[in-house]
Amino acid sequence: MRRSIRSSSALLAAVGLEAQAAVESAFPVLAPWPLVRLIRKENPNDPILRQLLATDLEREEVDGFLADPLAEANATPAPGLIHKYHGRALLITTGACALHCRYCFRREFPYSAHAAGQLHAALEYLRQKKDIHEIILSGGDPLSLSDDRFASLIETLDNIPQLRTIRIHSRFPIAIPQRVNTALLRTLRSSKKTVMTVIHANHPQEIGPDQQTALRALTQCGPLLNQAVLLRGVNDRLEALEDLSHILFQQGVLPYYLHQLDKVRGAAHFSVSDSQAIQLHDQLRDRVPGYLLPKLVREQPGAQAKSALRA
Ligand SMILES: *Cc1c(COP(=O)(O)O)cnc(C)c1O
Ligand code: SF4
């Protein structure tokens, strides 16, 4: 993480593009080398580069694209805990990510207000709520925590009897696959709960050799799923989605969700219309076995689950 690229100009230089007109942003560029190495040189339209490089398109104000598109500020019973859905809750373990995805719906999330590391109240809420059976470790990215802090969090959760499943939402296996080290694998395997990991990859090019190694190792620790975001100029083509499903499956990962973009300010240029999303998803259904078809969903503020655009 310390070695990651932290400016648009350095990222452009790293991929052999003209760095003079680089745009910097208050949501700074954060581009880890294991992913940067997979960018094809001198190609401004590279699907990985598009996810990492800040551009002036982010400054456009577009109606309906808001700072807190999911109104999550209303669903936090304790700092760091988001409890919107029945039976499961999401714990923000840290604000740090392995990379900054330019379309991130949390790009304006007030992490400091959720003082990472101050999870006492959240854990107390989980102990008292007997009907929460699954805890989703999210962020930020929970694998930003050190091996020791992550292990101690898992141990704390292991001791909450009503929890059955610990789900980890992480982009590390793609962004910095070396994070999937022996200590992490040992922690995941030693948990008393059912552990599952949901990774986040949007384009088949993100699954390089190191990513493949990390994913194969993670398959030893429980179910492994992927969620992707449908992004204009990145993966809004049938072949990209089809290849993504296949290459993930070869590493033991099943597709879970294909998300319609959350309408966060600064990300409008990534958005794909619902009619095009549905058309792509219908085409994908005709090309892959049912188990390689992700559910096309959108998150709606106040809804009890992700809403399906297509059954
Ligand atoms: C997406 C999400 C979940 C998990 O939803 P699943 O459909 O179980 O994957 C849980 N809590 C919050 C706040 C979410 O945004
Ligand atoms: S990994 Fe997830 S939370 Fe972190 S910047 Fe990317 S989309 Fe946002």
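Trainee: By class, how many nonpolar, polar and charged residues are in the lining of the largest pocket?

Mentor: Keep in mind that this is a predicted model. The lining has 20 nonpolar residues, along with 11 polar and 11 charged ones.

Trainee: And how much space lies in that largest pocket?

Mentor: About 980 Å³.

Trainee: Which residues lie nearest the centre of the largest pocket?

Mentor: Look for Phe105, Arg106, Ser138, His169 and Gln227, out of 42 lining residues. If you'd rather go by elements, those giving two or more residues to the lining are β1 (81-85), β2 (88-92), β3 (134-138), β4 (165-170), β5 (194-200), β6 (224-229) and β7 (254-259).

Trainee: OK, what about cavities? How many of 30 Å³ or more are there?

Mentor: The count is one. About 80 Å³ of space lies in the largest cavity. Lining this cavity are 13 residues, and Ala228, Leu244, Ser245, Pro255 and Pro294 are the closest to its centre.

Trainee: Which elements each supply at least two residues of the lining there?

Mentor: For the largest cavity, that would be β6, β7 and α9 (238-250).

Trainee: And how many charged residues does the lining of the largest cavity have?

Mentor: No charged ones; the lining has 10 nonpolar and three polar residues.

Trainee: Switching to helices. At what angle do the axes of α5 and α7 cross?

Mentor: Roughly 0 degrees, with the axes of α5 (residues 147-158) and α7 (residues 182-190) coming within 10 Å. So α5 is roughly parallel to α7.

Trainee: Which residues make the contact?

Mentor: From α5 you have Asp147, Phe150, Ala151, Ile154 and Asp158, and from α7 you have Ala183, Leu184, Thr187, Leu188 and Ser190. By class, the contact of α5 with α7 has six nonpolar, two polar and two charged residues.

Trainee: How many salt bridges does the count come to?

Mentor: It comes to 14 salt bridges. One of the pairs to look at is Arg127 with Glu124, whose side chains meet at 3.0 Å, N to O.

Trainee: Where are Arg127 and Glu124 in helix α4, and how many residues apart?

Mentor: They are three residues apart in α4 (residues 120-128), so about one helical turn separates Arg127 from Glu124. Side chains of opposite charge can pair when their charged atoms come close.

Trainee: Now the backbone. Is the peptide bond from Gly139 to Gly140 cis or trans?

Mentor: The bond is cis, with omega near 10 degrees. You'll find Gly140 in the loop between β3 and α5.

Trainee: What's phi of Glu42?

Mentor: Near 55 degrees, which is a positive value in a residue other than glycine.

Trainee: And where does Glu42 lie?

Mentor: In a loop as well: the one between α2 (33-36) and α3 (47-52).

Definitions and conventions:
Residues are numbered from 1 along each chain as its sequence is written. Chains are lettered from A and ligands numbered from 1 in the order in which they are written. This is a predicted model: local features need pLDDT of at least 70, side-chain atom pairs count only at pLDDT 80 or more; totals for chains, interfaces and linings use all residues. Side-chain values use heavy atoms; hydrogens and water are left out. On a 1 Å grid over the protein atoms alone, a cavity is a set of points where a 1.4 Å probe fits but cannot get out, and a pocket is an open set with protein on both sides within 12 Å along at least five of seven lines; lining residues have an atom within 4 Å of a point. Grid points are joined across faces, edges and corners, and a volume is the space filled by probe spheres set on the points. Helices (H or I, at least four residues) and strands (E, at least two) are DSSP runs, numbered from the N terminus. Ala, Val, Leu, Ile, Met, Phe, Trp, Tyr, Cys and Pro count as nonpolar, Asp, Glu, Lys and Arg as charged, and the others, Gly among them, as polar. Axes are lines fitted to C-alpha atoms, for helices over the stretch in contact, and angles run from 0 to 180 degrees between N-to-C directions. Angles under 35 degrees count as roughly parallel, over 145 as roughly antiparallel, 65 to 115 as roughly perpendicular and the rest as oblique. Contact means heavy atoms within 4.5 Å. A salt bridge is a side-chain nitrogen of Lys or Arg within 4 Å of a carboxyl oxygen of Asp or Glu.
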